[in-house]
Amino acid sequence: MQLRLRRLDAIRAAAEALVNRPRLGRDMFLRGQPEAPLAPGEPQWRASLYELLTAYAHRRQKQALTRVTFKQRFVWSLAHARGELEKLAGRSLDWTVLDAYLVAFCSTPEVRRTVRASTLSASLEMAREGAISIRQDAPFAPLWIKRKLPQTASFPHVVRG
């Protein structure tokens, strides 16, 4: 009995699908007049393989001869950075924030990068030579610089008699 009921349900579902399918003239329509097939005609252009390769070579040659120019970038030299650091160290007797001094030279973000990089390199070189002292209180904190004063020898004088 159950098998017969399942078959009956399957037949009803198939009948419903047939009734509800799209119908020609109601849900879908024909295209209209069929198009005529394209007649094979004469090609518009005629060229030999040699002519095609010659035309290709001329186009490539034009592209190869074009000039490429790059925008000239401003670079702050190490010598310029060192000169400015020497001026700063000569004027200040106490610790000075390096970024506060460099603001005068940083007009755009591109210039700011080259000024900071050159100044950092020059300041490390000057610290290695003993001309200035550098300190930084915490990671990513500002750099402080100070002129190193020449140390005098504090040896007691020995008097021989």
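A crossing of two helices is called right-handed if the near helix is turned clockwise from the far one by less than a right angle. The legends below describe close-up views of a predicted model.

**View 1. Helix α3 packs against helix α5.** Two packed helices are described by the angle between their axes and the distance between the axes. Here α3 (residues 78-91) and α5 (residues 109-129) meet at about 60°, and their axes are 8 Å apart. Their crossing is right-handed. From α3, the contact involves L78, A81, R82, L85 and E86. The α5 side consists of S118, T119, S121, A122, S123, E125, M126 and E129. Sorted by class, the contact residues are five nonpolar, four polar and four charged.

**View 2. Three strands form an open sheet.** The strand order is β1-β3-β2, and the pairing is antiparallel. Five bridges join β2 to β3 (residues 143-147) in the antiparallel sense. Within this part of the sheet, I132 is opposite R147 of β3.

**View 3. Both helices lie across strands of the sheet.** Helix α3 lies across β1, β2 and β3, at about 70° to β3. Helix α5 lies across β2 and β3 and runs at about 120° to β2.

**View 4. The largest pocket has a volume of about 200 Å³.** Its lining includes K71, Q72, R73 and F74. T108, E110, V111, R113 and T114 also line the pocket. Four of the lining residues are charged, three are polar and two are nonpolar.

Notes
Residues numbered from 1 in each chain as written. Predicted model: local features only at pLDDT ≥ 70, side-chain atom pairs only at ≥ 80, totals over all residues. Heavy atoms only, no water. 1 Å grid on protein atoms, 1.4 Å probe; cavity = no way out; pocket = protein on both sides within 12 Å on 5 of 7 lines; lining within 4 Å. Points joined across faces, edges and corners; volume = space filled by probe spheres on them. Nonpolar A, V, L, I, M, F, W, Y, C, P; charged D, E, K, R; others polar. Axes fitted to C-alpha atoms, helices over the stretch in contact; angles between N-to-C directions. Helix = DSSP H or I, 4+ residues; strand = E, 2+ residues; numbered from the N terminus. Contact = heavy atoms within 4.5 Å. Pairing = 2+ DSSP bridges.
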